[in-house]
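Here is a short report on one structure.

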Amino acid sequence: MTTVTEDVSLQGLRDALGLLKDREQVAVRLLESSAKHSFDPDRELDWDAPVEEGKWFWPPELVSLYGTPLWKQMSEEQRMDLARHEAASLASLGIWFEIILMQLLVRHIYDKSVTSAHVRYALTEIADECRHSMMFARMIQKGGAPTYPVTRLNHNLARILKTVSTTPGSFACTLLGEEILDWMQRLTFPDERVQTIVRGVTRIHVVEEARHVRYAREELRRQMVTAPRWERELTRLSCGEAARVFSLAFVNPKVYSDVGLDRREAVAQVKASGHRREVMQTGAKRLTDFLDDIGVMRGPGRRLWRSSGLLA
């Protein structure tokens, strides 16, 4: 396959991680991987199979209340019910986020050559995200839990983000939404305690999201080298604020009252949980290390990351 080489003035770019790869070559490799490893969830997964008795919808160690005094007081049935509702909450968050991501990707390619591999891969990723959103919605229905939309405030903040976000800010937020959930899903799909349908959903998502993360990382590196100073500073702030909002929206507090718990007490115990803090920081570490290396985690933005609880 012939690739279109970038403008020579942009070749030889380097950051703290080394030489940046040619944008078109990266896209060609991702397109080749997409051709070999893409899935149709409607055909790949057995949606008609019954829900399995005694199996979790989310690994217990990843449930927000795990290890808290409240968790120790709960029956096994109530714990599994909370896991089912939290899986629905995370899937709802994932759909919300992927709809935002699709719009940001369309904005990113709007002024770019429609015949480039870079644009073609972005369109491929949008198609992936469409399937993922439908897959998550179907998983929520399969589990029998309600959907859990984000708060009206966060919904409208995202509306502003979609309108004003610069390119590096868009890709930084993309990674924030993808990498923490990806870490959790990598623990979920091999776990035989978990429902087969959930394992299948997370396996598909992990395989396809690996390409999305690569695309976003390569583009964010490029943007942090080439963007003007004001845009880099804005990216640091917007990324830190997105981390703060994301951590608050990660599990909808309504899940606690929906399984018969005191919502206020449950939220307080999650905030005080050392185990939960460790889970979230471990899930974010690969991302925060990367953002630190390329210069995103600086100044007030870093303080916002700390306030989010995602940065140790």
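## Helix α7

Helix α7 runs over residues 167-188, 22 residues in total. From first C-alpha to last, α7 reaches 32 Å, close to the 32 Å expected at 1.5 Å a residue. That expected span is 1.5 Å times one less than the number of residues. Helices here are DSSP runs (H or I, at least four residues), numbered from the N terminus.

Of the 22 residues in α7, 18 are buried, so the rest of the structure largely encloses this helix. Buried means under 20% relative accessible area, exposed over 50%, and partly exposed in between (1.4 Å probe, protein chains only).

## Basis of the model

This is a predicted model: local features need pLDDT of at least 70, side-chain atom pairs count only at pLDDT 80 or more, and totals for chains, interfaces and linings use all residues. Residues are numbered from 1 along each chain as its sequence is written, and side-chain values use heavy atoms, with hydrogens and water left out.

## Cysteines

The whole structure has zero disulfides (pairs of cysteine sulfur atoms within 2.5 Å). The sulfur of Cys239 has its closest cysteine sulfur in Cys173, 5.7 Å away, too far for a bond. Cys239 is buried, at 0% relative accessible area. Cys130 is partly exposed, at 35%.

## Tyr215

Tyr215 sits in helix α8 (residues 196-226). Tyr215 is buried, with a relative accessible area of 3%. Its C-alpha is 7.9 Å from that of Leu30, 185 residues apart along the chain.

Leaving aside neighbours within four places in sequence, Tyr215 is in contact (heavy atoms within 4.5 Å) with residues including Leu30, His108, Glu125 and Phe171. The Tyr215 side chain also reaches the backbone oxygen of His118 at 3.1 Å.

Conventions
Helices (H or I, at least four residues) and strands (E, at least two) are DSSP runs, numbered from the N terminus. A polar contact is a pair of N or O atoms within 3.5 Å; within protein, one must be able to donate a hydrogen and the other to accept it, and residues adjacent in sequence count only if both atoms are side-chain atoms.
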